[in-house]
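User: I've just opened this structure and I'd like to learn how to read it. Could you walk me through it?

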Amino acid sequence: MIAEFHGDLDYRPDGSLIVTREPDAKDPDEMAERCLRAITEGRGIATDGSLFPTRCETICIHSDTPNAVDIARAVRAVLQPFV
């Protein structure tokens with residue numbers, strides 16, 4: 001099993017995903033920072049600003065997120081030093 005972090009979705013304070021029927025665009029830089037934190041610190045940030053423990057061995061960016069390509073580029077840029 002590989003721990004997956006979702007780089008284009010929001011999380012609740014308990015670490016569960018918030019899945020919506022109609023995905024909305026997210027700020028690419030903010031999503032990239034969340035992914036970086038998940039990898040380097042093992043923590044995610046919830047919609048209320050609280051942190052929760054997480055494991056991150058792979059990152060998922062959903063293709064139906066309106067600006068998925070921009071998010072993926074931003075995530076790749078911040079993670080480049082780790083590749």
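User: What share of the 83 residues in the chain is buried?

Analyst: Buried means under 20% relative accessible area, exposed means over 50%, and partly exposed is in between, using a 1.4 Å probe and protein chains only. Here, buried residues make up 33% of the 83 residues. Keep in mind that this is a predicted model, where local features need pLDDT of at least 70 and side-chain atom pairs count only at pLDDT 80 or more, while totals for chains, interfaces and linings use all residues. Residues are numbered from 1 along each chain as its sequence is written, and side-chain values use heavy atoms, with hydrogens and water left out.

User: What does the radius of gyration say about the chain?

Analyst: It's taken over C-alpha atoms, and the globule rule is 2.2 Å times the number of residues to the power 0.38. For 83 residues, a compact globule would come out near 12 Å, and the chain has 12 Å, which agrees. Its C-alpha trace spans about 30 × 30 × 25 Å along the principal axes.

User: What about T65: where is it, and is it buried or exposed?

Analyst: T65 is found in the loop between β6 (58–60) and α2 (68–79). Its relative accessibility is 3%, so T65 counts as buried. Apart from neighbours within four places in sequence, T65 is in contact with D8, P23, D24 and I71.

User: How many aromatic pairs are there?

Analyst: Rings of Phe, Tyr and Trp (its six-membered ring) pair if their centres lie within 6.5 Å; planes under 30 degrees apart count as stacked, over 60 as edge-to-face and the rest as tilted. The structure holds two such pairs. F5 and Y11 are stacked, at 5.2 Å centre to centre with 15° between the planes. Y11 and F52 have centres 5.2 Å apart and planes at 40°, so that pair is tilted. The Y11–F52 pair links distant parts of the chain, with Y11 in strand β2 (residues 10–11) and F52 in strand β5 (residues 51–53), 41 residues apart.

User: What do F5, Y11 and F52 form together?

Analyst: They form one aromatic cluster. F5 counts as buried at 2% relative accessibility, Y11 counts as buried at 5%, and F52 counts as buried at 4%.

Notes:
Helix = DSSP H or I, 4+ residues; strand = E, 2+ residues; numbered from the N terminus. Contact = heavy atoms within 4.5 Å.
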